Amino acid sequence: MALAPVELWPASASAYAREIDRLIWSYTGLILFLAVPIIACLVVFAIRYRRGSDADRSNPPVHGLRLELAWTGLPFLATLVFYFWAADLYSRQWVPPKDTLDIAIVAEQWMFKAEHPGGQREIDELHVPAGRPVRLVMTSQDVIHSFYLPALRLKQDVLPGRYTTLWFEADTPGTYALRCAEYCGSEHSAMGGRFVVLSPKDYAAWLATFSVDRTLAQEGEALFRRLGCSGCHGARSVARAPSLAGISGKPQPLADGSIVIADEQYVRDSILQPKRQVVAGFAPIMPSFEGQIGEEDLVRLVAYVKSLADASAEAAPPGAAVEPPR
Amino acid sequence: MSIASADLAFAPAGEQQPSYLSAGHSLRSWLLSTDHKRVAVLYLVSVTGFFFLGAIAAALIRLELITPAGDLVSDDTYDKLFTLHGVIMVWFFLIPSIPATFGNFLIPLMIGATDLAFPRLNLLSWYIYVLGGLFTAYVLLAGGVDTGWTFYTPFSSLFSNTHVVAAACGIVVVGFSSILTGLNFIVTIHTLRAPGMTWFRLPIFCWSHYATSVILVLATPVLAMTLLLVVAERVLGLGIFDPNKGGDPLLFQHLFWFYSHPAVYIMILPGMGVVTELVTAFAKKRVFSYAWVAFASIAIAFIGFLVWAHHMFVAGMSLYAGLVFSFMSFAVAVPSAIKVYNWTATLYKGRVSLDAPLLYALGFIGLFVIGGLTGLFLASLAVDVHVHDTYFVVAHFHFIMVGATVHAYFGALHFWWPKMIGRLYPEGWAKAAALLAFFGFLVTFFPQFILGYAGMPRRYHAYPPEFQVLHMISSGGAGVLGLAYLLPFLYLLWSLRWGAPAGDNPWGAAGLEWRTTSPPPRWNFAARPVVTWEAYPYQDMPKPEAARGD
Amino acid sequence: MATEALPPLAEPFADRRQQRTADELGIWLYMATEIMMFGALFLGLALYRVTWPAATAEASRHLLKWIGAANTAVLLTSSLTMALAVLAARADRQGRCVLLLLATAALGLAFLGIKAYEYHDEYTQGLMPFAGPGFPLQERGTELFFDLYYLGTGLHALHLAVGIVLVGGLALRLLVDRALLPDRAVTVAVIGIFWHLIDIVWIFLFPVLYLVAR
Ligand code: HEA
Ligand code: HEA
Ligand code: CUA
Ligand SMILES: [Cu+2]
């Protein structure tokens with residue numbers, strides 16, 4: 001039986017991953033610096049002061065305040081460096097840059113489905129362009145899964161009933177692992193597949209191999225009509241409902257006086273539980289679509305509402321979308 | 001102040017009192033005894049049984065993982081194996097291991113009392129433990145449970161079609177047994193200390209059991225309620241954690257870890273108490289900075305309640321929560337550090353005898369340092385994002401739970417065995433077993449750190465071939481480890497009959513438990529002890545060389 | 001048994017005072033356990049009240065406020081009689097103590113009776129998501145509120161039932177064995193503490209469940 005070569009270190013496909021590696025190596029250095037003296041002292045003391053040895057045992061110390069403060073305080077401060085380093089990386093991972101390529105991930109037992117903005121769909125694989133920030137908007141149809149990309153040193157749990165997001169910028173084209181990291185039942189270990197980073201050119205070529213007739217947003221638009229949303233939200237509707245053009249990503253004033261950012265989660269909630277966050281100035285007449293729209297259709301509707309933001313920006317006079325220099 | 005050796009003994013002078021072991025030999029005399037020492041032996045037997053059950057599951061897991069393909073058992077069986085392994089090892093072995101056996105046996109002896117405050121309650125907790133065990137046995141026979149020991153919803157509440165309800169009920173039941181034991185310890189330590197046994201004369205073992213008991217009493221009920229909610233969801237169709245009904249699966253995780261993080265300190269604090277006793281007894285020196293070591297236990301118990309969400313850094317929590325819980329996890333390392341440094345300093349200028357219990361204790365310290373410091377890796381936000389739910393975590397907790405606590409358990413077993421049964425174990429075999437356990441352990445679990453960082457997720461029945469070599473090493477180590485656990489089992493049984501008589505104080509140790517006969521009489525001491533010395537008065541004791549005649 | 005003749009000390013305790021401290025500390029620790037257990041439920045209630053404010057208010061409106069208020073009064077009175085029973089026990093007034101204990105148990109039973117009526121009423125309206133006719137409330141989150149309502153009040157009722165058995169049993173024992181007081185006054189006190197806990201849990205449950213919506 002031939003053994004596959006050992007993998008002692010995971011491949012890295014982003015600057016972030018390499019920084020995590022740097023962090024780990026320095027951290028390991030510190031840990032050795034803390035652990036080795038303790039273990040060495042244990043061994044040396046145990047041998048030197050073994051019963052019957054004639055080592056000097058005069059005035060054995062029994063306590064020492066200075067010593068206690070030193071050997072707790074100094075290692076603690078040293079490890080705090082890594083607290084800040086790791087916390088800083090984590091916080092940066094929290095705020096995606098502008099203009100990300102948004103890909104929707106819908107997980108279910110036991111597969112990950114990805115929907116690209118152009119309408120391309122893949123299962124258990126994720127193709128992304130190198131050098132461009134990608135943002136995954138993820139949800140699950142059943143239990144909790146976790147989207148794990150070891151080559152990027154990133155993972156994020158995928159929950160039913162809500163969106164979680166993960167962004168990254170891969171820079172090294174290649175094929176890497178995609179795994180499910182949260183235990184999700186029988187085929188948990190088989191859930192996952194390939195994570196493929198392509199050069200922008202190859203990515204474009206890859207996208208073109210699909211014969212899709214509609215983008216995600218266009219599919220959403222069709223749904224928007226079919227489900228009757230346009231009856232209220234359309235331009236010529238009789239019911240008094242807010243226009244959805246341009247809301248995406250903008251602050252929305254609510255009837256209870258609070259203000260929320262209209263992100264994917266908000267749009268999703270507005271469709272499923274319209275009464276929970278009512279837009280200021282409107283009556284709560286929108287019916288709940290709970291149980292009538294699957295996760296994948298929701299993704300399309302959300303993409304459509306998001307596309308309305310871009311559309312309104314395009315419709316505005318050229319230049320107006322760009323902030324004037326201050 | 002110097003103590004004459006006669007003052008040290010509260011052993012019966014002249015005529016010998018019958019030992020607790022000879023107070024009846026019928027099964028009934030054991031099953032109905034409220035003697036804390038007999039209850040401790042009942043626990044010892046049942047806990048050992050569960051340890052072997054959990055170990056068999058571990059052996060099957062390791063055998064399965066020798067090859068990348070899932071070829072030994074089916075995926076569902078594998079899931080049941082690690083769930084059962086985790087559930088049994090955590091709730092039926094490790095949590096009761098040291099407290100319910102050695103705590104039970106020793107706390108009254110150490111504080112100079114005749115029994116625990118509520119002896120009948122003590123026996124009752126054992127029966128409750130057995131009842132919980134019966135639930136688990138039922139689960140085993142009926143076909144198992146596959147949720148992982150963490151019972152995450154909505155998998156456990158809506159999707160799993162195994163025996164979740166019975167398993168959860170078993171854990172709730174055994175939880176009540178822990179609660180009652182903890183309650184008993186707290187009351188005993190508060191009210192039954194012998195005259196002169198002030199708080200600062202208590203052995204550190206009692207301090208750490210006190211801290212453990214506080215966690216048992218305050219955290220376990222939260223677990224009980226959480227699991228009952230899961231049961232209600234499965235049986236009645238309630239929706240507390242059901243996202244389809246507006247419930248929040250993360251609420252489950254918060255509640256579960258609010259218990260389970262403090263619970264990991266339930267698993268380590270008693271071990272820390274044991275190691276303190278071993279280190280002082282075998283260095284023949286007072287523990288370095290008694291007060292710091294004592295208060296460190298309390299600090300661990302207290303801060304331990306404030307770090308639970310470090311298990312949820314990628315679960316979808318807010319950034320702010322992540323920053324706070326990460327920081328608190330760094331803070332909880334400080335009292336652990338105090339303990340480690342003070343143990344090391346206790347050896348300095350001591351009179352060290354490298355007997356088997358000390359070998360186990362030294363193994364504990366070394367492996368705990370590695371396990372604890374890798375806990376700090378996990379507590380660091382960006383690092384945890386990568387290694388969460390990988391073998392890195394598996395290695396971290398086995399280093400502490402197996403490398404540290406199980407070693408402490410074996411150390412305690414060897415150290416107090418002469419006191420419990422009145423006979424010595426074979427020292428040579430014991431040293432060999434201790435060394436074997438240490439090295440077997442390292443071979444089993446060190447490769448798992450590398451596996452985890454390389455991206456091998458946990459709870460994987462089959463895995464990519466590039467991880468095979470490391471998994472094979474790990475399985476090989478597990479074989480050695482299994483042998484190292486089997487050995488003591490055999491020679492301790494052997495010593496029951498053929499071991500040399502131990503004498504009252506074979507180690508020349510200072511605790512009150514060594515100042516009565518081995519095994520102790522039914523009411524522990526011939527005369528009520530009056531304590532006039534500080535803890536660990538080794539500097540005032542007769543030279544240890546004289547005390548042990550080997 | 002052979003040891004029986006020899007024990008220098010027969011009990012773990014050296015004297016009564018020590019035993020009383022131990023009993024009282026024991027029951028307080030047990031109370032801490034109970035509070036943590038109910039605490040998990042209250043956390044759930046608090047979380048869902050924040051997540052689903054409108055639904056929680058809507059669901060709460062379907063509870064019968066006057067019944068909740070009446071039960072609060074009944075339970076508070078029972079706490080009073082219990083406290084008086086403890087005083088009577090300390091003062092070695094056995095007859096008075098028995099009467100007060102019986103009154104306490106009777107009030108507890110009254111509470112359970114009223115509660116049973118309330119449950120029945122909710123059952124017929126379909127307000128039990130897990131039993132009876134279809135759940136009438138549409139809004140998301142209302143069901144969660146009722147789930148927690150039944151868990152909280154059900155667990156409370158269970159405790160109360162245990163309390164009634166304890167208090168009633170104690171009264172009977174005092175009737176049979178007249179020599180128990182004042183030595184066992186501590187038993188009355190311990191059961192009293194348990195009874196007050198049941199009362200306190202209700203004092204928190206009542207506003208959190210019944211008084212959400214004005
Ligand atoms: C007995 C059990 C035990 C103990 C004592 C600990 C102790 C610690 N644990 Fe561990 N842990 C577990 C059992 C335990 N753990 C288990 C079972 C899991 C997984 C659960 C699951 O998901 O199934 C887990 C998981 C776990 C995680 C989550 C990982 C993940 O799932 O992503 C984290 C993250 O912060 C963590 C951190 C810590 C820390 C900081 C400590 C600290 O208390 C350690 C403190 C000790 C030291 C630091 C070493 C000694 C000190 C020195 C050598 C001095 C120098 C150092 C300083 C002063 C800083 N643990
Ligand atoms: C208290 C705790 C405790 C103890 C003592 C142990 C002991 C051991 N554990 Fe356990 N373990 C846990 C607590 C514990 N574990 C928990 C909480 C989990 C998480 C569960 C979950 O994910 O839900 C876990 C999970 C876990 C996994 C991860 C499974 C997975 O995620 O897929 C593995 C894998 O190696 C493992 C291995 C071992 C081994 C080798 C031992 C050894 O120490 C045991 C040694 C004994 C033997 C090996 C058996 C006897 C030997 C023989 C019969 C000889 C033949 C054997 C071979 C040749 C291999 N454990
Ligand atoms: Cu999906 Cu694990
Ligand atoms: Cu933890």
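1. B:His261 is buried, with a relative accessible area of 4%; buried means under 20%, exposed over 50% and partly exposed in between, computed with a 1.4 Å probe on protein chains only. This is a predicted model, in which local features need pLDDT of at least 70, side-chain atom pairs count only at pLDDT 80 or more, and totals for chains, interfaces and linings use all residues. Side-chain values use heavy atoms, with hydrogens and water left out, while residues are numbered from 1 along each chain and chains are lettered from A and ligands numbered from 1 in written order.

2. The copper ion (ligand 4) has B:His261 (ND1), B:His310 (NE2) and B:His311 (NE2) as protein donors, at 1.8 to 2.1 Å. Donors are N, O and S atoms within 2.8 Å of the metal (3.2 Å for Na, K and Ca); water is not among the atoms, so sites may look incomplete. Along the chain the donors follow the spacing H-x48-H-H.

3. B:His261 lies in helix 9 (residues 249-283) of chain B and B:His311 in the loop between helix 10 (290-303) and helix 11 (319-331) of chain B, 50 residues apart. Helices (H or I, at least four residues) and strands (E, at least two) are DSSP runs numbered from the N terminus. B:His311 is partly exposed, at 22% relative accessible area.

4. The copper ion (ligand 4) is 4.4 Å from the iron atom of ligand 1.

5. In chain A, strand 2 (residues 111-115) has 4 of its 5 residues buried, so it is largely enclosed by the rest of the structure. Strand 2 of chain A runs antiparallel to strand 1 (residues 101-108) of chain A, with 5 bridges; pairing requires at least two DSSP bridges.
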